[in-house]
Amino acid sequence: MIPTNLKPQSANDANSRVLVIDGLNTYLRVFTSMQAFSANGEFVGGIIGFLRSIGLNIRDFQPTRCILVFDGKGGSVRRKKLYPEYKANRTGKNGMRMDLFSSVEEEKASMRKQLIRIIHYLNHLPIQIFQVDNVEADDVIAYLTMQYFKSKGSKVRIVSTDRDFYQLIDPNIEVYSPVKKKLYNEKVLFDEFALTPEEYLTYRVVTGDTGDNIPGIGGIGLKTLVKYFPNPTSIERLIQESKQIITEEKKPKQIFKKLIKNEEVLDRNYKLMQLQETDISGMTKINLFNQLESPNLKRTKNYEFRKLLHEDQITTSFKNPDEWLMTTFTGLNVWI
């Protein structure tokens with residue numbers, strides 16, 4: 001079925017429904033889960049899985065604009081200065097496909113090769129790609145969502161398994177988790193956690209993030225936190241109330257002592273995890289703004305896309321490539 005949304009006539013129209021996809025997050029997920037091979041037997045699960053994934057999300061949301069964001073070179077440097085062990089648990093063996101590769105080096109070579117090839121495909125699609133040196137994808141996505149598109153009154157959907165994006169949810173911003181196959185808005189977030197987006201950030205700061213190797217405060221989980229702090233709107237509030245309780249009560253609960261004892265840890269975790277105030281330079285913001293406001297029209301290049309499929313010997317993976325391109329990207333021939 002061809003999308004019903006019409007081609008926007010101006011840059012402003014292009015910003016009405018924006019799909020923002022966490023690029024590397026999506027790629028790593030499909031690379032480790034997709035079983036797909038080319039006609040000559042080469043593993044191409046990363047390429048096929050990635051293209052199918054973004055196509056599925058575009059057809060579901062029917063955006064007027066689609067943006068892919070990847071981590072920039074040296075993107076983790078700022079956070080590693082705050083906490084050297086940040087993402088130190090990512091050794092390269094996590095999720096390794098032992099069924100396909102004999103070594104980590106062989107797997108990494110395939111990952112690099114397929115990711116480079118994906119960029120070639122994307123260059124022929126009406127999709128905008130952002131990758132900023134020394135800035136993580138999370139920060140770029142937060143800037144685009146909370147500052148640029150919010151000022152445009154855009155409806156934004158973020159696609160990522162990274163739960164840190166839940167803190168950005170508001171009436172116009174939602175987060176889709178492709179693993180859970182669940183769309184998070186304010187109501188869904190509250191139904192699952194009994195927390196607002198602001199409170200969810202506080203919860204994450206207290207409990208930490210094992211995926212990024214950020215330790216939380218041991219012994220304090222969601223139930224314990226909301227039991228003693230029904231509305232944990234900020235770390236400052238938790239510390240202030242804990243100090244007051246310890247002063248007033250003879251035998252205060254351990255949770256209050258733990259929070260005060262780990263005040264520096266909480267401050268560090270907040271700086272690592274919060275996305276409300278992105279640490280992006282003014283010049284970088286200007287460059288992003290100029291790219292977003294660019295009047296250049298990027299269209300789907302069917303012939304070039306089909307040529308890549310043929311070169312990679314994966315044409316049959318898309319049955320009818322022209323139909324797939326038309327039903328997926330018709331509404332994205334937008335001003336970008």
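**Entry 1. The second largest pocket**

I looked up the second largest pocket and found a volume of about 260 Å³. A pocket here is an open set of points on a 1 Å grid over the protein atoms alone, where a 1.4 Å probe fits, with protein on both sides within 12 Å along at least five of seven lines. Grid points are joined across faces, edges and corners, and a volume is the space filled by probe spheres set on the points. I noted that this is a predicted model, in which local features need pLDDT of at least 70, side-chain atom pairs count only at pLDDT 80 or more, and totals for chains, interfaces and linings use all residues. Residues are numbered from 1 along each chain as its sequence is written, and side-chain values use heavy atoms, with hydrogens and water left out.

I then asked which residues lie nearest the centre of the second largest pocket. They are Arg29, Ser53, Leu56, Asn57 and Lys181, out of 13 lining residues, a lining residue being one with an atom within 4 Å of a point. Two elements, α2 (23–31) and α3 (45–61), each give two or more residues to this lining. The largest share, six residues, comes from α3. Helices (H or I, at least four residues) and strands (E, at least two) are DSSP runs, numbered from the N terminus.

By class, I recorded five nonpolar, four polar and four charged residues in the lining of the second largest pocket. Ala, Val, Leu, Ile, Met, Phe, Trp, Tyr, Cys and Pro count as nonpolar, Asp, Glu, Lys and Arg as charged, and the others, Gly among them, as polar.

**Entry 2. The cavity**

I looked next for cavities, sets of points where the probe fits but cannot get out. How many cavities of 30 Å³ or more are there? The count comes to one. The largest cavity holds about 40 Å³ of space. Its lining consists of Arg79, Tyr86, Asp138, Asp164, Asp212, Leu272, Met273 and Leu275. I classed four of these as nonpolar and four as charged, with no polar residue.

I followed the strands from β1 (17–22). Five bridges join β1 to β4, and the two run parallel; two strands pair if DSSP finds at least two bridges between them. Leu19 has Arg157 of β4 as its bridge partner. Four of the five residues of β4 are buried, so this strand is largely enclosed by the rest of the structure. Buried means under 20% relative accessible area, exposed over 50%, and partly exposed in between (1.4 Å probe, protein chains only).

Strand β4 (residues 155–159) is in turn joined to β5 by four bridges, again in parallel. I noted two of the pairs: Val156 with Ile173, and Val159 with Tyr176.

In β5 (residues 173–177), five of five residues are buried. In a regular strand the side chains alternate between the two faces of the sheet. I found both faces of β5 covered, with Ile173, Val175 and Ser177 on one side and Glu174 and Tyr176 on the other.

Three bridges join β5 to β6 (residues 182–184), which run antiparallel, and Ser177 is paired with Lys182. The two strands form a hairpin with four residues between them.

Lys87 sits in the loop between α4 (77–82) and α5 (104–122) and is buried, at 15% relative accessible area. Ala194 also has a positive phi, near 60°. Ala194 belongs to the loop between α7 (186–193) and α8 (197–207) and is partly exposed, at 40%.

Is Asn15 buried or exposed? I found it buried, with a relative accessible area of 3%, in the loop between α1 (11–14) and β1. Its side chain makes a polar contact of 2.5 Å with the side chain of Arg65. A polar contact is a pair of N or O atoms within 3.5 Å; within protein, one must be able to donate a hydrogen and the other to accept it, and residues adjacent in sequence count only if both atoms are side-chain atoms. Leaving aside neighbours within four places in sequence, Asn15 is in contact (heavy atoms within 4.5 Å) with Thr64, Arg65, Tyr148, Phe149, Lys152 and Ser154.

Thr64 lies in the loop between α3 and β2 (65–70) and counts as buried at 7%. A polar atom of its side chain lies 2.7 Å from the backbone oxygen of Ala14, and a polar contact of 3.3 Å joins the side chains of Thr64 and Ser16. I also noted that the C-alpha atoms of Thr64 and Phe329 are separated by 9.6 Å, although the two are 265 residues apart along the chain.
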